Every structure is written in C-alpha cells, then in structure tokens.
Amino acid sequence: MSFLQAVEDLGLRQFVSKDNKKTITAHCFHLNFHRALKTSDRNLIDTHITTRNILHSVVALYNSNLPNIDPDVLYSSICNTNSWTLVALVSAETALDLLCSRKKCDPELDLVDEKLISATESKDVDEEVPREYFLQKIQKTYSEFEEEKAQQVCPNCRPSKFSRVFSDEEDEVESELESEASEDFGDDYSSGADQFLAEVAERKYQRKKHLDATKKVKLSSMNVENRLIAALTFERSFAIKSEKVYHITVLSVRKPYRKHGLGQFLVEQVKERKARNVDLFDTLAVLADSDAVGFFEKQNFTQDSLICSRYEGLRDTWTDCTVMVFIPSCFDARQVDLDVKLEFVEKEQELLLDASLKQYQQNFGLITRLKNEVIATQRIIEMQNKIIYSLIKETNAHKSSNITGINDGCKFDC
C-alpha cells in the first residue's frame, strides 16, 4: 500500500459553536499510521508536519484526557494494522489567534517566502539552553524513593512525559515531576517520541521568552501541538467472529475547541461510513467514560444491557467504561434526519424492550431451574451408581464365600 492509500484527505471543514458566535476551520485527515509509517514518514498535505509527529501528538492528546492509560497501550492501539485515526488540524494562524486571545498578547506574523519559519530556524534561539537540555529533562529517571514521595503528595496522579504537550498553561515550562522515560513503549512506532517532546518543550520555552520580552507570540512557533484539535481512533474488532464489528477505541477533543460539533463530525465519519476505508459493518461499538455516555446517546448509541452484553469482550485493557453500540440502518442513514423524534414509536419501543426484558428474565429463570434440576439429577444418579456398585461388590463377595464353603464340604465328604 502506498502512502496516499494510507492517508485520505477529507479537506477543510467548518465547525460552528453552539452559540453561533465562533467558527473554526479545520483540515481533516483519515489515516492508518501502521501503513503510512511503513511506507515513509512524509508530511501531511498542506501541513508541513510529518506523519510521525502527528502520531506523537495524537498519543499526547489522548494521554492528556486519559492519564490512567499508559502511552504504550495508546501506541499499540493507534498503530494496530486494523486501526484508523481521524484527525482535525487548524491552521497556524487560527492556533495563534486562540493563544493570543488567552494570553492577551499580539501575534507576530514572521513569514519568509510565504512559508512558516520552523521553530528550529528561529533567530532568537537561546544558545545557552540547547535542545539537549530539554531532551535530558524528558529522559530523566527517578528513584523509587522519589516516585513514592511524589505519590504521597498526589496519590491519584500518574505523571506522564506527554502531559505537558497539550497543557493549557504555557507559563510553566517544566512539569513538577517527569515520569520515567524510554523510547521503547513496546513497539518502534514510539521512536523519536523523546526528541519530539524535547522540541515541544523548547518551543514553549522560546515562546515564553519572546512573549515576556515583546508581548508577542510568533506565528512560526505554532506547531503540531498547537494545531491538532481533535482525533478519533477506531479499529476492526474480531471479538465476535460471526459479526463485523467496528470499535471506537479513543475520541478526544481539546477543551478550547469543544461544543463546536467536532466530536459529532468524527463519529459520523465512521458511523455513516463516509471515510474511504470504512466498510459496511453490523455493529459499531464504543467503551464510553461516564462523562461521554450522554454524548454517544445523542449519536444514537444504546447501552441496552441485553444488546451490549454481547460486546463485553471488547473491554480488554479498558476499564471503568460503559459498553455502547450503534446498529446501522439497512438504508442510507445520511438521507434521514435522525434528530426527528417519533413519540409513539419510542413508547412502543419502550414497551417492547420492557416485555423483552421480562421474557428474558422468565427464560433465564426457567433455564437456571432446568440446569439446577439436571445437576441435582446427575448427582442422584451418581449416588445411585455408587450404591449399585457397592451392592454388586457385596453380592460378589457373598457368592465367593458360598462357593468356598461348598468346595470345603466336598473335600470332607470324599
């Protein structure tokens, strides 16, 4: 498979906030990291960002919202052969405008030949703080005593070296505690992660230094960690061999860009099979956090216990989640407004679900009783077999003693 077959350009999409006061334009892509990185580490179209740096950024985005999931699990999930990831990136100008609005500073449009100057080519790089300094901070390890002390201060914290990539607070250049770092997360897809994180830390340092000196932020300092705003990863699951199941493993939208319909758009790409590499499926499943259950219910996912119990096997390493499924229509759902509510149909559905549940409970009770009766009968048969065996053994012993007595009597008569 070529690079172009592993990456699909979904083009520019506009997302409007709920209050209709803000519009965001994002460039969306649909890619298979496993195949894309096997061919070459090329830049995504019109982004000047390498595929591998997109991967590291997606892992960082997921890790920022799922701190209890180790990065190695995220890398293996995203880079699975059967996994695809949808990403949304805003332009550097949009990212700069958002940052400046939060920092209450002015943007500095440093352009050369209509191309952004890369952060590494910036002329005001502080030679006293080389990149190796940031790399050493990323790769720093801690003793068991230091780790234990940190846990005492914050028992529920699981510090990750990715935690600072999408931090909303740019003023803090270094985190208070770095986790143990290793470029080997169990697969070679994480190679270059430490270098990427060091570059992010360096850009933050230079950005803060320039901001303090000039009250401005350079356009060239906007990189992938500023431009990636949302991502969704899904995969083909083989947990049920008789059924074609797709599984949304992770969905994350950065906080400043929420309530713009980004999450709904990404789910629809999979749910309505708009993306090129999404085939017809029988079921689309998701393991939703408690905060995300309401969102997926709006996307017509159900958490019906009878239906979802079939997909409990999808949990694997994911915990504290609710299994929810979407069953597609037999016709093109894109032509139907799924927000239209039919009250009489919904009431009828509730009655049918209630009747089905009662019938299921009755059948379950009958099957349980039957199983218990079979077990009891089997035990009775086993006991009776033991009694019969004991009686046969006793009878045979009695017969043997009688035959011995007869033979002894004959001997005396003779």
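**A helix pair and its surroundings**

Modeller: Helix α3 crosses helix α4 with right-handed sense. Keep in mind that we're looking at a predicted model. Two packed helices are described by the angle between their axes and the distance between the axes. Here α3 covers residues 51-65 and α4 covers residues 71-78, with an angle of about 125° and axes 10 Å apart. That angle makes α3 and α4 oblique to each other. On the α3 side, the contact uses Leu 55, His 56, Val 58, Val 59, Tyr 62 and Asn 63. From α4 come Pro 71, Leu 74, Tyr 75 and Ile 78. Sort the contact residues by class and you get 8 nonpolar, 2 polar and no charged ones.

Moving along the chain, we get to strand β3, residues 83-90. It's largely enclosed by the rest of the structure, because 8 of its 8 residues are buried. You can see this on both faces: Ser 83, Thr 85, Val 87 and Leu 89 point one way, Trp 84, Leu 86, Ala 88 and Val 90 point the other way, and all are buried.

What does β3 pair with? Strand β2 (residues 23-31) is antiparallel to β3, with 6 bridges between them. In that pairing, Leu 31 sits opposite Thr 85, and His 30 is opposite Leu 86. Strand β8 (residues 228-237) also runs antiparallel to β3, and 7 bridges join the two. One of the bridge pairs there is Leu 89 with Leu 228.

Zoom out, and these strands belong to an open sheet of 7 strands with mixed pairing, in the order β1-β2-β3-β8-β9-β10-β11. At the edges stand β1 (7-16) and β11 (322-326); each has a single partner strand, so one side of each is left without a neighbour in the sheet. Ignoring direction, neighbouring strands of this sheet are turned by 25° against each other on average. Helix α10 (residues 262-271) lies across β1, β2, β3, β8, β9, β10 and β11, and runs at about 25° to β8.

Now for a few loop residues. Leu 219 is in the loop between β7 (216-218) and α9 (224-227). Its relative accessibility is 1%, so Leu 219 counts as buried, the cut-off being under 20%. The C-alpha atoms of Leu 219 and Thr 94 are 9.8 Å apart, although 125 residues separate the two along the chain.

Backbone torsions give you two more spots to check. Most residues other than glycine have a negative phi. Lys 104 isn't a glycine, yet has a positive phi of about 55°. It belongs to the loop between α5 (92-103) and β4 (106-108), and with a relative accessible area of 75%, Lys 104 is exposed. Asn 300, also not a glycine, has a positive phi of about 70°. That residue lies in the loop between α11 (293-298) and α12 (305-308), and its relative accessible area of 33% makes Asn 300 partly exposed.

For the chain overall, there are 13 helices and 11 strands. Of its 414 residues, 40% are buried. And among contacts between residues at least 6 apart in sequence, 71% join residues at least 24 apart.

Terms used. Residues are numbered from 1 along each chain as its sequence is written. This is a predicted model: local features need pLDDT of at least 70, side-chain atom pairs count only at pLDDT 80 or more; totals for chains, interfaces and linings use all residues. Side-chain values use heavy atoms; hydrogens and water are left out. Buried means under 20% relative accessible area, exposed over 50%, partly exposed in between (1.4 Å probe, protein chains only). Helices (H or I, at least four residues) and strands (E, at least two) are DSSP runs, numbered from the N terminus. Two strands pair if DSSP finds at least two bridges between them. Axes are lines fitted to C-alpha atoms, for helices over the stretch in contact, and angles run from 0 to 180 degrees between N-to-C directions. Angles under 35 degrees count as roughly parallel, over 145 as roughly antiparallel, 65 to 115 as roughly perpendicular and the rest as oblique. A crossing is left-handed if the near helix is turned anticlockwise from the far one by less than a right angle, and right-handed if clockwise. Contact means heavy atoms within 4.5 Å. Ala, Val, Leu, Ile, Met, Phe, Trp, Tyr, Cys and Pro count as nonpolar, Asp, Glu, Lys and Arg as charged, and the others, Gly among them, as polar.
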